[in-house]
Amino acid sequence: MSAAGVPDAPEMVLARYGELWLKGKNRADFEKILIQNVVRAARPYSPVTVDREQGQLAIVPERRVADVARALEDVFGFSSLSPAWGAAKHPDAIAAVAPAVVARALEAAPADRPIPFRVETRRSDKSFPMLSTELDRHVADRVLEKHGARLRVDLSHPELTLGISVRSWRAYLFAERRPGLGGLPVGTLGPVLCLLSGGIDSPVAAWLAMKRGCRVSFVSFHSPPYLGDASKEKVRRLVAALARFQGPGVLHVVPFTAVQERIRDGAPEAYRTVLYRRAMHRIAGRLAEREGALALVTGECLGQVASQTLENLTCIGAAATLPVLRPVLSFDKQETIALARRIGTYEISILPAPDCCTVFQPVHPVIRGQRARCERFEAGLELEPLLAAAVEGVERIEAE
């Protein structure tokens with residue numbers, strides 16, 4: 001606490017909306033879910049109170065403000081976030097808080113030269129007794145009295161901007177804008193089920209579905225004894241890594257060995273992977289309907305591997321009973337890797353544990369599969385009892 005009774009560290013977080021601005025009369029429903037997500041993200045660190053202001057949330061933790069601010073960077077729906085100080089809605093009260101805010105920002109600034117500086121006020125409350133430019137000057141004078149040796153005014157190219165937001169009942173001051181994730185709050189667009197392999201692409205696809213407001217559960221296919229428990233543990237770790245963006249996730253592990261063996265023994269080798277994927281989509285569709293999910297999500301990327309040609313994707317998608325969302329369909333591999341690194345799944349994905357599609361992998365896979373041929377091969381396989389048994393044998397794992 002400073003000598004003037006102003007906290008030395010931020011006491012709250014301002015979180016500004018992204019696309020919620022576009023929701024019109026439905027905005028209140030989106031805000032309600034967004035606030036629930038804020039409370040969930042902050043829970044490991046502190047209880048919070050949340051006040052809705054026009055276009056933003058004012059989030060006040062009981063403690064550990066810095067940790068809460070960091071956790072909110074993983075909440076979809078915000079364009080930017082600022083650790084902030086509150087002040088009474090009066091020019092002198094705002095000016096009294098400003099030097100402490102600037103002092104905190106200067107701790108991270110170079111000490112060998114004056115820092116270009118400006119004040120920028122936004123007033124949503126037009127009854128405030130000063131214009132924005134008048135309050136800028138009033139506050140800047142107080143800041144320069146305290147920190148004039150460290151600052152120089154530069155309205156065009158500031159390195160340090162003291163932001164002031166004058167709202168309906170209170171003012172907020174901040175000197176940092178952290179980028180938010182954007183997107184829509186998780187839970188606003190309904191549940192989906194992601195087919196999660198141990199690779200790089202499908203966790204990124206799941207994250208992108210979350211960004212569009214979907215709550216994601218997961219299904220993975222396991223083929224003992226051809227695959228050990230390392231592949232299952234790898235997928236569980238991926239689900240846990242993604243939990244920071246939506247809360248705990250449910251992983252359904254499907255026993256897939258019998259299905260694969262039947263396809264191996266009864267279908268042409270070249271079509272194995274495509275037929276595996278068609279069976280996976282059928283099983284995933286049944287699980288999705290049982291869990292109330294409205295669509296499937298996959299990490300398929302057009303042309304990346306043999307099973308992902310346009311013809312093969314058409315064959316595979318035809319077996320699905322629900323819409324199939326492919327968020328990384330057009331991504332370059334390096335784009336996907338960069339996003340995987342950013343969200344914390346890449347280092348898990350590259351661990352050496354193969355997924356079940358490598359079991360009985362064909363030497364020369366079909367490149368341009370035909371749906372009619374897939375259906376003809378399947379007609380002779382009598383897969384239905386095996387698919388039903390796989391659904392009944394699912395292991396359900398809570399990962400957080």
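Analyst: Leaving aside residues up to four places away in sequence, Thr309 touches Leu302, Gly303 and Ile367. The model is a predicted one. Thr309 lies in the loop between β13 (296–297) and α9. Is Thr309 buried or exposed? Its relative accessibility is 15%. Because buried means under 20% relative accessible area, Thr309 counts as buried.

Next comes helix α9, which covers residues 310–317. Its buried residues are Asn312, Leu313, Cys315 and Ile316. Where do these residues fall when the helix is seen down its axis? They fall within an arc of 160 degrees, so they line one face of α9. What do the buried residues of α9 pack against? They pack against two other helices, α8 (272–291) and α12 (371–379).

The helices α8 and α12 are also joined to each other by a pair of charged side chains. Arg282 and Glu378 meet in a salt bridge, with 3.1 Å from N to O. Arg282 lies in helix α8 and Glu378 in helix α12, so the pair ties together parts that are 96 residues apart in sequence. The two partners can be described by their accessibility. Arg282 is partly exposed, at a relative accessible area of 22%, whereas Glu378 is buried, at 11%. In general, side chains of opposite charge can pair when their charged atoms come close.

The structure holds 26 salt bridges, and the pair between α8 and α12 is one of them. Another is formed by Arg167 and Glu53, whose closest N and O atoms are 3.9 Å apart. Arg167 lies in the loop between β7 (160–166) and β8 (171–174), and Glu53 lies in strand β2 (residues 48–53), so this pair ties together parts that are 114 residues apart in sequence. Both Arg167 and Glu53 are buried.

A further salt bridge joins the side chains of Asp74 and Arg70, at 3.3 Å from N to O. Asp74 is buried, with a relative accessible area of 8%, while Arg70 is partly exposed, with 38%. Which residues are linked with Arg70 and Asp74 in a network of salt bridges? The network contains Arg70, Asp74 and Arg244.

Now the whole protein. It has 13 helices and 15 strands, α9 being one of the helices. Of the 400 residues, 52% count as buried; Thr309 is among the buried residues. Along the principal axes, the C-alpha atoms fill a box of roughly 85 × 45 × 35 Å. Among contacts between residues at least 6 apart in sequence, 79% join residues at least 24 apart. One of the contacts described above is that of Thr309 with Ile367.

The accessible surface comes to about 18000 Å², and 52% of that belongs to carbon and sulfur atoms. As for charge, the protein has 52 positive and 45 negative side chains. The centres of these two sets lie 2 Å apart.

Technical notes:
Residues are numbered from 1 along each chain as its sequence is written. This is a predicted model: local features need pLDDT of at least 70, side-chain atom pairs count only at pLDDT 80 or more; totals for chains, interfaces and linings use all residues. Side-chain values use heavy atoms; hydrogens and water are left out. Buried means under 20% relative accessible area, exposed over 50%, partly exposed in between (1.4 Å probe, protein chains only). Helices (H or I, at least four residues) and strands (E, at least two) are DSSP runs, numbered from the N terminus. The arc is that of the directions from the helix axis to the C-beta atoms. Contact means heavy atoms within 4.5 Å. Accessible areas come from the Shrake-Rupley method with a 1.4 Å probe; for residues, only the protein chains shown count as cover. Lys and Arg count as positive and Asp and Glu as negative; His and the chain ends are not counted. The place of a charge is taken as NZ of Lys, CZ of Arg, CG of Asp or CD of Glu. A salt bridge is a side-chain nitrogen of Lys or Arg within 4 Å of a carboxyl oxygen of Asp or Glu.
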